[in-house]
Amino acid sequence: MHRHLVRSALAAGAALAVLAACGTGSGERTSPARATKAAVPAPPEKKPVKGLPGMPPVLDPEDVYAADRPNKLSPVVKGFPSRVYVPNTESDTVSVIDPKTYEIVETIRVGRQPQHVVPSWDLKTLWVNNNRGHTLTPIDPKTGRAGKEVEVHDPYNLYFTPNGRYAVVMASLDRELVFRDPHTMKVEKTVPVSCYGVNHADFSLDGRYFIVSCEFSGELLKVDTEKMKVVGQQRLPFKGAMPQDVKISPDGKRFYIADMMAHGMWVLDGDKFTEPTLMPTGKGCHGLYVSRDSREMYVSNRGEGTISVFDFAQGKLTKKWRLPDGGSPDMGGVSADGKVLWLSGRYDAEVYAIDTRTGTQLARIPVGSGPHGLAVYPQPGRYSLGHTGVFR
């Protein structure tokens, strides 16, 4: 009996010693949750991106669209009314839509064959690309008033270098990339190209190069931004290829190029510029628009009246939305809150508003003839790279 009491006392003492060793300085025990949390190693620091000189710093090396979150508007645009600007190529007008009422509130007469409405790098001006009129019409997005036209030859599309130093005119028929002053549009350097139909582009994560699609010869160009020089060129591996819109993946590792004749997106390693692979999406694949959370991309299939939804993380298409009564969804953009995708109906003289959560058509609005590169404005972002609104 005595030995049994001794053993019990020793066991109790050992137990108390263990509890004391596990306690805090105040005598409290650490909860399992707290102990586990303390044991989790800190996530590795993201290496800063060495961007193009003069370019605003990359906010997130793993997401080029980090500045484009819902309603994250720059102070520059916070007083601007929300509008949808629709260039009507065959009517030589821009229809201005109030997205709250789905009604046209103004029609602005511009130059001949307006192709795209393009937000300037500093977010203060919308430039209408009057392709056959050989002019740009500036619109003040604060007042909605058009200014004096600026002479610019063959402005099919317009981009801006990430540092805001140059505007880049896609002179499609002239077969040139024309680097201009972003405010006066004075020519700084003209870069002749050997492909036909330069039309769309997007810039790398660090802004040091951009990929250009050549619509009429089925080719891609890689251009050094700082040197203003073509450093790569390749023909797409599809007979009759007709590349259109270009968008970079959030992590900056791939470029996606819509192709209206191959009926899908080309997936390209921009750094290596090796031969891309084709991902079928639908007939007449044309425009590419990234969701506000950087998780999905909306792909307009103009030839069949559908929108495919691509999941970046899964690397595949997950949904397809069909417009009731058909249509020809072309170019456009996503609303500031991310809830509505706006697309022009190129061959149907109309504009579509689509719910990005369900794919439901919210409105179908009659506009002028040949609506093309519409711009939703304002949108979140610190600066614009051009086209219908590519923001960083």
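Predicted model: local features only at pLDDT ≥ 70, side-chain atom pairs only at ≥ 80, totals over all residues.
How much space lies in the second largest cavity? About 110 Å³.

**Cavities**

- The count comes to two cavities of 30 Å³ or more.
- The largest cavity holds about 180 Å³ of space, and 15 residues line it.
- Closest to the centre of the largest cavity are Asp-68, Val-290, Arg-292, Gln-379 and Gly-389.
- Two elements, strand 21 (285-290) and strand 25 (329-334), each give two or more residues to this lining, and strand 21 gives the most, with three residues.
- By type, the lining of the largest cavity is made up of eight nonpolar, four polar and three charged residues.
- The second largest cavity has 17 lining residues, and Val-58, Val-64, Arg-382, Tyr-383 and Arg-392 lie nearest its centre.
- In the lining of the second largest cavity, twelve residues are nonpolar, one is polar and four are charged.
- As background, rolling a probe the size of a water molecule over the atoms shows where empty space is left.

- Leu-173, Tyr-196 and Phe-216 together make a nonpolar surface patch of about 340 Å².
- Phe-216, one of these three, sits in the loop between strand 14 (209-214) and strand 15 (219-224).
- Phe-216 counts as partly exposed because its relative accessible area is 48%, which falls between the cut-offs of 20% and 50%.

**Backbone points to look for**

- Most residues other than glycine have a negative phi, and most peptide bonds are trans.
- Gln-113 is not a glycine, yet it has a positive phi of about 55°. You will find Gln-113 in the loop between strand 3 (103-109) and strand 4 (114-119), where it is partly exposed at 26% relative accessibility.
- Asp-325, also not a glycine, has a positive phi of about 70°. Its place is the loop between strand 24 (316-322) and strand 25. With a relative accessibility of 78%, Asp-325 counts as exposed, because the cut-off for that is over 50%.
- The peptide bond from Tyr-377 to Pro-378 is cis, with omega near 0°. Pro-378 lies in the segment after strand 29 (375-377).

Terms used: Residues numbered from 1 in each chain as written. Heavy atoms only, no water. Patch = residues over 30% accessible without salt bridge, like charges linked within 9 Å, V, L, I, M, F, W, Y side chains within 5 Å. Areas by Shrake-Rupley, 256 points an atom, 1.4 Å probe, with all protein chains shown as cover. Salt bridge = Lys/Arg side-chain N within 4 Å of Asp/Glu carboxyl O. Helix = DSSP H or I, 4+ residues; strand = E, 2+ residues; numbered from the N terminus. Buried < 20%, exposed > 50% of the residue type's maximum accessible area, 1.4 Å probe, protein only. 1 Å grid on protein atoms, 1.4 Å probe; cavity = no way out; pocket = protein on both sides within 12 Å on 5 of 7 lines; lining within 4 Å. Points joined across faces, edges and corners; volume = space filled by probe spheres on them. Nonpolar A, V, L, I, M, F, W, Y, C, P; charged D, E, K, R; others polar.
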